[in-house]
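Hi,

Here is the structure I said I'd send over. Have a look, and my notes on it follow below.

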Amino acid sequence: MFVPILTNSKKKLSLAYLMIFMIKLKHPVFRYLTFLIGVLLLGFISTKANLSCFTHDESYTYLSFPHYSFMDIVSYKQSYTNNHLLNTLFMKYSEKVFGNSELALRFPNILLFVVYMLFVFLFFRKAKPLFALSIFVLLCTNPLLVDLFGLARGYGLSCGFMLMSLYFFVRYFRKGGAHNILLFHLGALLAILSSFTLLTFYAALLLVYNVIRFLDSKFIDETKFRFFQINKIHLAPFLVVLFILYEPVRRVIKFNNFDFGGKDGFYSDTITHLIEHTLHNSFSSPILLVVFQVLFSLVVLFPFIQILQKVWKKEVPFFKNQIGLICSTFLLLTIAVAIILQHHLLGSDYPILRFSIYLFPLFMLHIGYALLYFLDNGFVKMVQGIALGLAIMSVISFTSKANIYTCAEWAYDSETKNMLLELQNYLGKNKRNASKIKLGINWLFEPTILFYTKTLNLDWLQSVDRNGISEQDDYYYLFEYELDQLNPEDYEVIAAFEQTKTFLLKNKKRMPF
């Protein structure tokens with residue numbers, strides 16, 4: 001969801017004409033448009049996965065974890081938070097089948113983007129087609145989220161499996177069926193194995209299940225609430241999940257500090273980053289931030305109050321027809337309480353940046369269900385106009401920010417591969433002795449350089465380290481702000497990379513010719 005400021009009246013008029021045109025389209029066209037948009041997004045992320053440089057965290061994972069055995073990986077023998085367990089397994093076996101190119105190692109994440117888009121579509125497929133298309137676009141054109149599906153990391157995987165889990169959770173309340181419960185647990189398990197942050201999501205949904213069943217028993221059906229009776233359907237799958245997760249979760253809690261998030265507060269950290277994710281990082285005003293913090297809170301609190309009122313009045317149709325809104329409302333509130341309690345009781349940091357991205361699809365689904373409530377109550381044109389307007393602006397924002405070479409929070413690594421190829425080309429044109437080249441670097445580049453040293457067989461390059469630069473280095477690769485560490489007379493610029501503001505330099509003391 002993104003609301004850009006359009007100052008050009010022609011742009012406003014064009015958007016208005018586009019909205020009118022979309023509203024007048026026939027229903028079957030929207031399904032084709034949804035499919036077309038999905039294919040275009042898949043093509044974009046596949047191209048990006050193939051062309052963009054491997055990043056710091058991806059490289060560290062590749063070099064550190066996939067070479068372990070299956071059992072060592074699933075038991076979390078290397079219990080470091082960078083080791084996203086399911087991503088490590090996917091990377092291990094994708095390399096065996098497809099090789100170690102960027103696209104091959106990222107391929108499982110691209111497949112999960114298809115899963116993500118599929119479940120986004122399924123959530124609202126029975127709503128009015130224009131509305132369903134608009135919500136699909138809102139959920140699938142977030143720049144950071146799409147970026148994460150193009151990386152060999154666990155964040156995109158976790159969001160795809162999370163939506164799978166939530167879909168079958170909501171579906172159980174509509175249609176029943178033990179298979180829906182099993183698929184809910186399976187999706188949650190896979191999401192957690194992709195990123196342990198999703199433990200909060202799983203625990204919250206189990207609590208939400210009991211809250212909804214309690215409200216149903218006490219106020220709708222007016223029957224006795226039997227905790228063990230209603231939860232026995234969860235017993236077997238929950239025990240399986242517990243068995244699989246116990247050891248890795250125990251080890252990650254024991255050996256990690258969870259100090260990679262925010263420390264200021266739930267609103268200052270998590271809610272602020274959720275707003276930035278939702279608005280595509282398109283605002284900077286402190287006043288606007290407070291306004292959006294209030295708005296985001298009201299978007300959840302108003303439905304919560306409405307739900308309690310409807311349940312108290314025993315309005316059965318609302319409880320049955322708006323189960324999606326009920327689930328999303330209670331889920332967001334429960335996750336918020338859980339995050340705050342974890343911080344105060346366990347010392348966990350508040351989720352920020354990519355660690356909070358899983359909240360974006362949950363929040364947007366909630367907005368979709370809230371709008372759907374008004375749609376079902378006769379506000380068809382108004383709701384479809386709002387949803388379509390937001391979707392169009394989200395597309396505009398996404399296309400303006402889309403970049404097939406830069407990846408999310410690791411933009412500094414976007415030129416690392418090109419730097420190595422540039423250095424290789426330079427060495428090929430200039431005579432050098434048989435000894436290996438020593439490259440001095442900023443520590444941030446170390447994993448990616450080591451990744452390409454291995455995968456591109458750069459046998460002319462010594463293994464780089466994190467010890468900084470020294471006079472013994474033959475060449476340097478540094479950020480612009482680090483150049484003052486060197487005497488300008490002692491180096492020659494071989495290549496400058498504008499996007500990352502980095503420089504490849506030759507140490508003239510070591511390599512005078």
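This is a predicted model: local features need pLDDT of at least 70, side-chain atom pairs count only at pLDDT 80 or more; totals for chains, interfaces and linings use all residues.

Residues are numbered from 1 along each chain as its sequence is written, and side-chain values use heavy atoms, without hydrogens or water.

Another aromatic pair is Tyr172 with Tyr209, which is tilted, at 6.2 Å centre to centre and 45 degrees between the planes. (Rings of Phe, Tyr and Trp, the last by its six-membered ring, pair if their centres lie within 6.5 Å; planes under 30 degrees apart are stacked, over 60 edge-to-face, the rest tilted.) This one links distant parts of the chain, 37 residues apart: Tyr172 sits in helix H9 (residues 154-175) and Tyr209 in helix H11 (residues 199-220). Helices here are DSSP runs of H or I with at least four residues, strands are E runs of at least two, and both are numbered from the N terminus. Tyr172 is buried at 14% relative accessible area, and Tyr209 is buried at 1%.

On the backbone side, His280 has a positive phi of about 60 degrees despite not being a glycine. His280 lies in the loop between helix H13 (266-278) and helix H14 (286-312), and is buried at 3%.

Cheers

Definitions and conventions: Buried means under 20% relative accessible area, exposed over 50%, partly exposed in between (1.4 Å probe, protein chains only).
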